[in-house]
Amino acid sequence: MPQKTESKKMSRPNLRDSIYSLTVEELKEWVKEQGEPGFRTSQIYEWLYQKRVDSFDDMTNLPKHFREKLKQSFSITTLQTIVQQTSQDGTVKFLFELVDGYSIETVLMKHHYGYSVCVTTQVGCRIGCTFCASTLGGLKRQLEAGEIVSQVLKVQKALDETDERVSSVVIMGIGEPFDNYEEMLAFLKIINHDKGLNIGARHITVSTSGIIPKIYRFADEEMQINFAVSLHAPNDELRTKLMPINKAFSMDKLLEAVEYYNKKTGRRVTFEYGLFGGENDSIEHAKELADRIRHLKCHVNLIPVNYVPERNYTRTPKHQIFAFERALKEEGINVTIRREQGHDIDAACGQLRARERKDETR
Ligand code: SAH
């Protein structure tokens, strides 16, 4: 494994491209350049995503010389499991090591409708939300699409043992997906493709802290993917305190972008609203929030805050969470409270990494 050095930290690992980073179109192009027939693309995709082999040598219906070419051009493994913790409720948290030694988290959650995987898009994060463990230590580097795809594959391989399937994916792990837009987009195309992992767009959710130009771009992609925005506050003053990104992208502009998304896609947006004790959780806050978002096609997901030792926020008491929910309902806003999972295993974004890898998160 290559040494982790200062100079490498912000750059990508200097390795052959991961085969998992290639969309079908990119692979098709490459296959063509090699002078091979077009059907090789489907064969490779099938080996990677349906049969889920770990080596090019296992792709037995490909000619030997072509397998050698693949080996010379691409890598096929990228992630090593460092920690795998199972919670009492069945949530499994993985800490994976990347080829350059950095670590990322992935979470598998069991729901009544199937299994979902929460993936990481960056090593660390530069958004700086004051309540979040993922941003401790800042951004180390971007993940390549293949490193995001590999997280789903690793979890799928664990499920293969009991013949079960990842049915949905949420991009809500460490990192800001819209700060790594191109790789995130390639990831979406790969897992959504019917020859890839075939995860339906309606079963994929992406969440952003609110990088406005990328919200417009995402709306224009017109993908049927679920879209969430971390709002966490009903006004600029409070939002800036919780999320410094609000200084660059004010709430008015953010809500305008959401309205554009609503109109362009016809789809609703989920606002994530973490309840931080004594900060943003009063009935007045609920009413103010309702006034700001009433005109939008939206839904609010209330998140009981996860305590992060490095951060100072406290949890809103249960009765207050219900009162906040009621107040929004009375104002005609669709609202749910996020079910908590994996509480006993540091399942909030970045917590496991912060505990296991102190050197990366200081
Ligand atoms: N960067 C993206 C993706 C992260 S998604 C985003 O900001 O949307 C993870 C969600 O959990 C976000 O809504 C984030 O704001 C929230 N979150 C982070 N730390 C939290 C904590 N300690 N308690 C509750 N929610 C938290």
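UniProt positions are given in the numbering used here, feature names are shortened, and annotations may be inferred rather than shown by experiment. With that in mind, I looked up the "binding site" entry, an unreviewed one, and UniProt lists Cys125, Cys129 and Cys132 there.

**Ground rules**

I noted that residues are numbered from 1 along each chain as its sequence is written. This is a predicted model, where local features need pLDDT of at least 70, side-chain atom pairs count only at pLDDT 80 or more, and totals for chains, interfaces and linings use all residues.

**The cysteines**

Where do Cys125 and Cys129 sit? I found Cys125 in the loop between strand 7 (122-124) and strand 8 (139-142), and Cys129 in the loop between strand 7 and strand 8 too. Helices (H or I, at least four residues) and strands (E, at least two) are DSSP runs, numbered from the N terminus.

Next I checked burial. A residue is buried if 20 or more other C-beta atoms lie within 10 Å of its own, exposed if 12 or fewer, and partly exposed in between, with C-beta atoms placed from the backbone. Cys125 counts as buried because it has 26 C-beta neighbours inside 10 Å. Cys129 has 21 such neighbours inside 10 Å, so Cys129 counts as buried.

Then contacts, which need C-beta atoms, placed from the backbone, within 7 Å. Leaving aside neighbours within four places in sequence, Cys125 is in contact with Ser134, Thr135, Leu139, Ile174, Gly175 and Glu176. On the same terms, not counting residues up to four places away in sequence, Cys129 touches Thr135, Ser209, Leu242 and Met243.

**Another "binding site" entry**

Glu176 lies in the loop between strand 9 (166-171) and helix 5 (181-192). Is Glu176 buried or exposed? I got buried, because Glu176 has 26 C-beta neighbours inside 10 Å. Beyond its neighbours within four places in sequence, Glu176 is in contact with Gln122, Cys125, Ile127, Thr208, Ser209 and Ile211.

Ser230 is in strand 11 (residues 226-230). It has 25 C-beta neighbours inside 10 Å, so Ser230 counts as buried. Not counting residues up to four places away in sequence, Ser230 touches Ser207, Ser209, Gly210 and Glu272.

**Around the ligand**

How many residues surround the ligand? I got 17, and the closest are Cys132, Met172, Ser207, Ser209 and Ser230. Near here means that a residue's C-beta atom, placed from the backbone, lies within 6 Å. Strand 10 (204-208) and strand 12 (269-275) each supply at least two residues of this shell. By class, the shell has nine nonpolar, six polar and two charged residues. For the classes, Ala, Val, Leu, Ile, Met, Phe, Trp, Tyr, Cys and Pro count as nonpolar, Asp, Glu, Lys and Arg as charged, and the others, Gly among them, as polar.

**Active site**

The unreviewed "active site" entry in UniProt has Glu105 and Cys349. I followed Glu105, which lies in strand 5 (residues 103-111). Glu105 is buried because 28 other C-beta atoms lie within 10 Å.

**Core and domains**

The domain assignment gives domain 1 (23-73) and domain 2 (80-356), with bounds that come from an automatic or database assignment. Their C-alpha centres lie 34 Å apart. The contact takes seven residues from domain 1 and eleven residues from domain 2. Helix 2 (residues 39-50) gives the most to the domain 1 side, with four residues.

I then looked at the largest nonpolar core, where Val117, Val149, Val152, Val169, Phe187, Ile191 and Phe271 touch the most other members out of 98 residues. Both domain 1 (23-73) and domain 2 (80-356) give residues to this core, so it lies between them. A nonpolar core is a set of buried Ala, Val, Leu, Ile, Met, Phe, Trp, Tyr and Cys residues joined through C-beta atoms within 7 Å.

Most residues other than glycine have a negative phi. I found Asn198 with a positive phi of about 55° although it is not a glycine. Asn198 lies in the loop between helix 5 and strand 10, and it counts as partly exposed because it has 13 C-beta neighbours inside 10 Å. Glu222 has a positive phi near 50°. I placed Glu222 in the loop between helix 6 (212-221) and strand 11, and it is exposed because 11 other C-beta atoms lie within 10 Å.

How values were computed: Two residues are in contact if their C-beta atoms, placed from the backbone, lie within 7 Å.
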